Amino acid sequence: MTVRVRFAPSPTGYLHIGAARSALFNWLYARKTGGKFLLRIEDTDLQRSTDESTRSIIEGLEWLGLDYDEELVFQSANAPEHRAAAQRLVDEGTAYRDFTPKEERDDKSVKEGIAKRARAQAAEGVDHRSNPYRDLPKKESDARAAAGEPFAIRLKVPVEGQTRFEDIVYGPQERNYSEIEDLVLLRSDGHPLYNLSVVIDDIEMEITHVIRGQDHLTNTHKQILLYEALGAEVPRFAHLPLILAPNKNKLSKRKHGEVVSLTTYRDRGFVPAAFRNFLALLGWSPPEGKEILSKEELVEYFSLEGIGRANAIFNFQENDPRRWTDDKALWMNAEYIRTMPVQELLPMVKAELRANKLWREEYEDDDREWFTKTVDMIRQRFFTLKDFSAQGRAYFSDDFDFEEAAVNKNLRNEPRLRELLNGLADKLETVEPFNAETSEAALRAFADETGVTAGLLINGARTMLTGTAVGPSMFEIFDILGRETSVERLRSGIPWS
RNA sequence: GUCCCGUUCGUCUAGCGGCCUAGGACACCGCCCUUUCACGGCGGCGACACGGGUUCGAUUCCCGUACGGGACGCCA
């Protein structure tokens, strides 16, 4: 049997990182088993679905490197089949028409409404099989339908018995029929509902393993009932633990903002491989405990059995800009930036510089070697791709800012430095050839001559050349920036004013 | 309210009865390296929710309690 899995998001907004992780796990399982990974857009809620969201989902998957097989399926296109199936179940007697007038619900307060209604029902002892239309004679039901009376179609859940299934992650699950309401399959306006649509589409697409969030664990029982009513084989299920916010609430855009959106990570300078790696480790761990894993290694080590059962907290600090997302994600991104093959990093840096008008075509041509060397040098202490255009700006442009704290500490603190650095500039002008070794020798000699420590000149020079107090080795900076720029910046009056 | 699920360092997690004085990663702290900041190296801080069983032996198995999460819609 060939494994066929699917990722089935509803296009009602950005791609949530929890959804992205579901997609990842499905993809990994498919690639691991040599199966197919399918993508289905669940756009049956026409009011909320947008094309833009569909695009962002596809872009997001592409960014993460998750390619899907076969044709993209839009669930809305299958609505006629969903309706037909519901009708068939009515004809077969496993579903019935409910002529109860539609109850208008305010979408915002549904959750509270449900709990409230459930409490009330429990108090009154209402059972789920009390719908007056459940046992309406078929003839009468047909007649009223033919007369144009509106109706919803509900599944006729048996009075006694239970559904069971073996969840690959959570183990054996069972639920009494008495706890399951006669779920609505088709709305009175003919619109097919979620549980019906997923099941039919999953049957249609020959899905063998349903891998999705734990929030669907209890829905699964209803779906199994549908599989059975439809006479279809029930697939295997694997539910994933949820990703929670630091306060243990479900992660949501309304409450937690852009930190939950996958595009945020792209836009804020994440390397796709790093984020993919981080996401994979949220709820799953490889056998050997290795944490930095390439796409190939993830596929090699992945197994559904390796998935944990406890929800994971996505640990970010809303009020701390430095920790705007999970520390480990940030660390992993830095790790990728400094250790990945520099040739793979270059295009990402190019995009970043270009977006900030710092890109020059020569970097890919005559200055390719210089560019590679520079990126390789400065990437060592960067966390995101954004750093190349921010902290790294002085390497690509003469128009950079001086950090107040750095100027105070490394320059103004020693008034003689202005003169000393001018002297150093004079010295460097005569050095031949000009490189890291010779500039170092010149600087140290100059320090001896003038009776100051080399460190004083080094730190001062760093701030003059890059505007900051931190960065790579000073002599490598001289080498990278070259004699002309180095000398010019040493003589600059800007930081002194 | 009912049903379901979960609970190991601050966070992500390893652990599937003795290998556990509970291992790793991130974060934090210290030392080394060093012209700075990182990286790297070394070290430190730091957890089995609680109570009962079962067992020669429980982090691991069972029950209960607490806490947390999820589901319960003519949403998906």
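**Note on the predicted protein–RNA model**

1. Elements at the RNA. Eight elements each supply at least two residues of the surface near RNA strand B: helix 4 (110-124), strand 5 (152-155), strand 7 (171-176), helix 7 (219-229), strand 12 (312-313), helix 12 (327-339), helix 20 (454-466) and helix 21 (474-490). Helix 4 gives the largest share, 8 residues. Here "near" means that a heavy atom of the residue lies within 4 Å of the strand. Helices (H or I, at least four residues) and strands (E, at least two) are DSSP runs, numbered from the N terminus.

2. Basis. This is a predicted model, in which local features need pLDDT of at least 70 and side-chain atom pairs count only at pLDDT 80 or more, while totals for chains, interfaces and linings use all residues. Residues are numbered from 1 along each chain as its sequence is written, chains are lettered from A and ligands numbered from 1 in the order in which they are written, and side-chain values use heavy atoms, without hydrogens and water.

3. Make-up of the RNA surface. Of the 71 residues around RNA strand B, T100, E181, R187, R381 and I458 come nearest. The surface divides into 25 nonpolar, 19 polar and 27 charged residues. In this count Ala, Val, Leu, Ile, Met, Phe, Trp, Tyr, Cys and Pro are nonpolar, Asp, Glu, Lys and Arg are charged, and the others, Gly among them, are polar. On the RNA side, 65% of the atoms within 4 Å of the protein belong to sugar or phosphate, and the rest to bases.

4. Individual RNA contacts. The side chain of R154 has an N or O atom 3.3 Å from a phosphate oxygen of RNA strand B. Y194 uses a backbone N or O atom, 2.9 Å from a phosphate oxygen. T218 places a polar side-chain atom 2.7 Å from a sugar or linking oxygen.

5. Core. The largest nonpolar core has 145 residues, and F275, F314, L421, F478 and L490 touch the most other members. Helix 1 (residues 17-33) contributes the largest share, 9 residues. Such a core is a set of buried Ala, Val, Leu, Ile, Met, Phe, Trp, Tyr and Cys residues joined through side-chain atoms within 4.5 Å. Beyond its neighbours within four places in sequence, F478 is in contact (heavy atoms within 4.5 Å) with residues including L424, L428, F434, L465 and L490.

6. Helix 17. Which residues of helix 17 (residues 404-412) are buried? They are A406, V407, N410 and L411. Buried means under 20% relative accessible area, exposed over 50%, and partly exposed in between (1.4 Å probe, protein chains only). The four cover an arc of only 100° around the axis, so they sit on the same side of helix 17. That arc is taken from the directions from the helix axis to the C-beta atoms. E404, A405 and K409, on the other side, are exposed. The cover over the buried residues includes helix 18 (417-430) and helix 20.

7. E352. This residue is in helix 13 (residues 342-355). E352 counts as buried because its relative accessibility is 8%. Its side chain makes a polar contact with the side chain of S389 (2.6 Å). A polar contact is a pair of N or O atoms within 3.5 Å; within protein, one must be able to donate a hydrogen and the other to accept it, and residues adjacent in sequence count only if both atoms are side-chain atoms.

8. Backbone points to check. The peptide bond from E432 to P433 is cis, with omega near -10°. E70, not a glycine, has a positive phi of about 60°.
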